[in-house]
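Subject: Structure handover

Hello,

Here is the structure to go with your sequence. My notes on helix packing, a pocket and the cavities follow below.

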Amino acid sequence: MEELDGEPTVTLIPGVNSKKKQMCFDWGPGEMLVCETSFNKKEKSETVPGCPFIYIIRKDIDVYSQILRKLFNESHGIFVGLQRIEEELTGKSRKAQLVRVSKNYRSVIRACMEEMHQAAIAAKDPASGRQFSSQVSILSAMELIWNLCEILFIEVAPAGPLLLHLLDWVRLHVCEVDSLLADVLGSENPSKHESFWNLVTILVLQGRLDEARQMLSKEADVSPTSAGMCRILGDLMRTMPVLSPGNTQTLTELELKWQHWHEECERHLQDGTFASSPHLESLCKIMLGDEAALLEQKELLNNWYHFLVTRLLYSHPTVKPIDLHFYAQSSLDLFLGGESSPEPLDNILMAAFEFDIHQVIKECSIALSNWWFVAHLTDLLDHCKLLQSHNLYFGSNMREFLLLEYASGLFAHHSLWQLGVDYFDYCPELGRVSLELHIERIPLSTEQKALKVLRICEQRQMTEQVRSICKILAMKAVRNNRLGSALSWSIRAKDAAFATLVSDRFLRDYCERGCFSDLDLIDNLGPAMMLSDRLTFLGKYREFHRFYGEKRFFDAASLLLSLMTSQIAPRCFWVTLLTDALPLLEQKQEDIENTKLEMLRLALARNLARAIIKEGSLEGS
């Protein structure tokens, strides 16, 4: 049976009492309009709503963050690059390339996190500072989760190397120790620094034993009574068996060496070697993996997953991936001790340790404020062939569903929508239809933006959208009395009706002003003038004027006759045509080279003019 989701969080709208008043709302592609109606739920209706405002509720407010926009822009390039190299990925090179892509995503998160941290420091008011700090925490959690997923699902580290990866994971995300180390070493007498033993303990907890030995040597230098104990503990740290990268020893060899080392540590503890120094004795207990000694360092461990990795390092260094969930769950229970409940981050990490990818994605979708993280992580995991079997009941797989949601959010932004186009492109099932629906809703606020949208539609052979956009631009141009632009857009839209309307406006302007505007456009219509009869008439009528201006009177007369007989001239323009014919009808200049055919055409023009006048007078009577 499918697990049911919990109730969604309630969004409170200031000034609105939903218990007393009915609400109305309207969904948009990336936001919702909400307002209070004038209807009471129980009592008689009031004439005026109690809250006379319309609220816009956005589902992806993060797209409006200046810093997070860099995250979206940078990761877009990584995403597109991954889709394009998919066919080239095979064998070991495939895994290495996917790991590299994952690290690139994490580096973008960390860069954004660092910039957000600097913004928090530089914030001029406490509210902004808190907001930036909150975003830093969210980005840090995202990178923590992604890094763990990279280790478990993409690297697929086996027993041995698995612990090395987990140690690096903890060290990367519990980084306060580096500033503490610099602080202690920068003091006049490091071993007397108030945080000296805390520092040594943290170094041991993180498995940084070489650095811990160096700190112990400073204690030995200034304290002869503990010098021998420091040397013995330092030797134990130095001889601890570790499976380093490139080491050829087998896991069995490592386990045997580790067991001997562990027994030696146990012997020193039983013999009371460190009994006179509580600090050194505590360190020895930690190195033995003593759970009580580890739990005493809760404040230095900070969290249960640090406790888990330290526990594995000193108790189960060759832990297998399949056993991780057992140690993770027991570490969580021991660390929390029933005093508090797991946070959403704890649940996500636990799902990862249980190798439940779908639960990781589901929990992240609920906990995080936007779709960026789950969309890109899911896409990467899908390229790792880990999600092929998980199809959703409404016709799409998980990868495509999350990419569609993320791209839809981008389309709510005035410029990030351009990134969303590529995400729709790489959704084979529903991407095309989703792009068509969203691109029609983009506000064409400037002609430059309209040209961008148009180019995108033309590249994808989205004929209906091209026609719709051109028609919208043509209508805007008509309203602004930019007839040349309007005609150009209507021709591009192949909209015969609108081209006819614009042509009529050109002809009407000619009647009022006695001249044409936008001559370059009309003179170069070419085959486009065949789009509609009225556009043809406009183009040919302009050609008649050009002939006349060039004193090519017989060409002008021939073309005018053709316009009169073709019946494409609007009825309201007949008088204008006749007026234009008068100079030709009264032409006195006879060229001796005129043929009988030319004379006949002039005669026909004269008689046709009389016939049109006669027809007009009969209709008017």
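**Helix packing**

The crossing of helix 1 and helix 17 is left-handed, meaning that the near helix is turned anticlockwise from the far one by less than a right angle (clockwise would be right-handed). Helices here are DSSP runs of H or I with at least four residues, numbered from the N terminus.

Some ground rules. This is a predicted model, in which local features need pLDDT of at least 70 and side-chain atom pairs count only at pLDDT 80 or more, while totals for chains, interfaces and linings use all residues. Residues are numbered from 1 along each chain as its sequence is written, and side-chain values use heavy atoms, with hydrogens and water left out.

Back to the first pair. Helix 1 covers residues 66–85, and its axis comes within 11 Å of that of helix 17, crossing at roughly 15°. Helix 1 is therefore roughly parallel to helix 17. (Angles under 35 degrees count as roughly parallel, over 145 as roughly antiparallel, 65 to 115 as roughly perpendicular and the rest as oblique. Axes are lines fitted to C-alpha atoms over the stretch in contact, and angles run from 0 to 180 degrees between N-to-C directions.)

Which residues meet? Helix 1 brings Leu71, Phe72, Ser75, Phe79, Leu82 and Gln83, and helix 17 brings Trp372, His376, Asp379, Leu380 and His383. Contact means heavy atoms within 4.5 Å. By class, the contact of helix 1 with helix 17 has 6 nonpolar, 4 polar and 1 charged residues. (Ala, Val, Leu, Ile, Met, Phe, Trp, Tyr, Cys and Pro count as nonpolar; Asp, Glu, Lys and Arg as charged; the others, Gly among them, as polar.)

Helix 17 (residues 372–383) also packs with helix 16 (residues 357–367), at about 165° and with axes 9 Å apart. Helix 16 and helix 17 are therefore roughly antiparallel. Their crossing is left-handed. Ile357, Ile361, Cys364 and Ser365 of helix 16 touch Phe373, Val374, Thr378 and Leu381 of helix 17. The contact of helix 16 with helix 17 holds 6 nonpolar, 2 polar and no charged residues.

Next, helix 7 (residues 209–222) and helix 8 (residues 224–239). They pack at about 165°, axes 8 Å apart. That makes helix 7 roughly antiparallel to helix 8. This crossing is left-handed. On the helix 7 side, the contact includes Leu209, Ala212 and Arg213; on the helix 8 side, it includes Pro224, Ser226 and Ala227. The contact of helix 7 with helix 8 has 10 nonpolar, 2 polar and 3 charged residues.

**Pocket and cavities**

The second largest pocket has a volume of about 390 Å³. Its lining has 17 residues, with Ser140, His173, Val174, Cys175 and Glu176 nearest the centre. Helix 2 (91–122), helix 3 (126–155) and helix 4 (161–173) each supply at least two lining residues. The lining of the second largest pocket divides into 9 nonpolar, 5 polar and 3 charged.

How were these spaces defined? On a 1 Å grid over the protein atoms alone, a cavity is a set of points where a 1.4 Å probe fits but cannot get out; a pocket is an open set with protein on both sides within 12 Å along at least five of seven lines; lining residues have an atom within 4 Å of a point. Grid points are joined across faces, edges and corners, and a volume is the space filled by probe spheres set on the points.

The whole structure has 4 cavities of 30 Å³ or more. The largest cavity has a volume of about 100 Å³. Helix 4 gives the most to its lining, with 3 residues. That lining has 10 nonpolar, 1 polar and no charged residues.

Best wishes
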